[in-house]
Amino acid sequence: KEMINIYAISSLLAVSTCLFLGVFVYTKARNKLENRLFSLTSILIGIWCSFPLLTSIIADNTRALFWVRIIYIAAVFTPSVFAQFGFTFSNYKKPVIYFYIFSCILLVLLPTPLFIKGITRLSLHATLKPGPFLHLFILFFGAACGWPIYKMFEIYKNASGQRRNQFKYVFMGFAIAFVGGLVHFSPVYTGSNEPFPHDFLLIVFMIIISYSIIKYRTLEIDTVIHRTILWLLTILILIMPVGLMH
């Protein structure tokens, strides 16, 4: 049974916005490491966001599991790349090599039931049947993403002027995205639908980051490109209610 509904629609919107902003930032300011890392983080999140859409259009669980494991290649590297971005953006000198090593271990285990055993169909969307390493991945996600988000918050509290505003919005955006990740994992433990489509939080995350780029030149993208991002935000504002009506 196909489940094209608000969960799948929000997934499509999140994929589109994450990939758009990731590619946009890379093409406009790829000379800086933090910009390249932000772009890669955004693209990886965008790929991961396709989980609800993909499982809604592939009814066969065996085929869906194959593609979910492909999607999760992006997922297992998201915490490591984001941690490197967060520490680089915060000018916080912490090695992330161990994060990447753990991501590579998870990548090796990804095709096996030790990571994902299968797909569970709920009434409105699908979720994962966890293997033991999925639980470890969720803990890894919490630690690797939570640490740089907390560091951004610390810098925001002690900063002033434009730097304070930049960190405020980047912290807010990624904190909301982090909550979205936790909501995504919640059905693994509750066995029930997500309380709301978590991908809408990823769309909010992208809007906040876009606003920060427009208003405070976060990532040092030239202000002449503001109009393009404004068009993106306008399109999002127009199409989100359409999705909610389905």
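1. Let me start with the rings. Phe38, Phe82, Phe85, Phe89, Phe167, Phe174 and Phe205 make up one aromatic cluster. Please keep in mind that this is a predicted model, and that the values below are computed from it.

2. How far apart are the ring centres of Phe174 and Phe205, and how are their planes set? Phe174 is buried, at a relative accessible area of 3%, and Phe205 is buried as well, at 0%. Their ring centres are 4.8 Å apart with the planes at 55°, so the pair counts as tilted. Phe174 belongs to helix α7 (residues 161-190) and Phe205 to helix α8 (residues 199-216), so this pair ties together parts that lie 31 residues apart in sequence.

3. The chain holds 31 aromatic pairs by the ring-centre rule. Another tilted one is Phe153 with Tyr156: the planes meet at 40° and the centres are 6.2 Å apart, so the pair falls in the tilted class. Both residues sit in helix α6 (residues 132-158), 3 residues apart, which is about one turn of the helix. Tyr156 has 18%, and since buried means under 20%, Tyr156 is buried.

4. There is also a charge over a ring to check on your screen. Lys151 lies over the face of Tyr92, at 4.2 Å from the ring centre.

5. Now to a histidine. His184 is part of helix α7 and counts as buried, at 7% relative accessibility. Which residue does the His184 side chain meet in a polar contact? The partner is the side chain of Tyr72, at 2.8 Å. Leaving out residues up to four places away in sequence, His184 touches Trp48, Phe51, Tyr72, Glu194 and His198.

6. Cys49 deserves a point of its own. This residue is in the loop between α2 (33-48) and α3 (51-57), yet Cys49 is buried, with a relative accessible area of 4%. Beyond its neighbours within four places in sequence, Cys49 is in contact with Ser11, Ala14, Val15, Asp199 and Leu202. The C-alpha atoms of Cys49 and Leu12 are separated by 7.9 Å, although the two residues are 37 residues apart along the chain.

7. Helix α4 (residues 61-89) can be followed from end to end. Where does α4 bend, and by how much? The bend is about 40° and falls at Thr78, with a proline, Pro79, following within four residues. The 29 residues of α4 reach 40 Å from the first C-alpha to the last, close to the 42 Å expected at 1.5 Å a residue. Just after α4, Asn91 adopts a positive phi of about 55°.

8. Finally, the overall picture. The protein chain has 9 helices and 2 strands, arranged along the sequence as α-α-α-α-α-β-β-α-α-α-α. Of its 246 residues, 54% are buried. Among contacts with a separation of 6 or more, 72% link residues 24 or more positions apart.

Technical notes. Residues numbered from 1 in each chain as written. Predicted model: local features only at pLDDT ≥ 70, side-chain atom pairs only at ≥ 80, totals over all residues. Heavy atoms only, no water. Phe/Tyr/Trp six-rings, centres within 6.5 Å; stacked < 30°, edge-to-face > 60°. Buried < 20%, exposed > 50% of the residue type's maximum accessible area, 1.4 Å probe, protein only. Lys NZ or Arg CZ within 6 Å of the ring centre and 35° of its normal. Polar contact = N/O pair within 3.5 Å; in protein donor to acceptor, adjacent residues only side chain to side chain. Contact = heavy atoms within 4.5 Å. Expected span 1.5 Å × (residues − 1). Bend = angle between axes of the 7 residues up to and from the residue.
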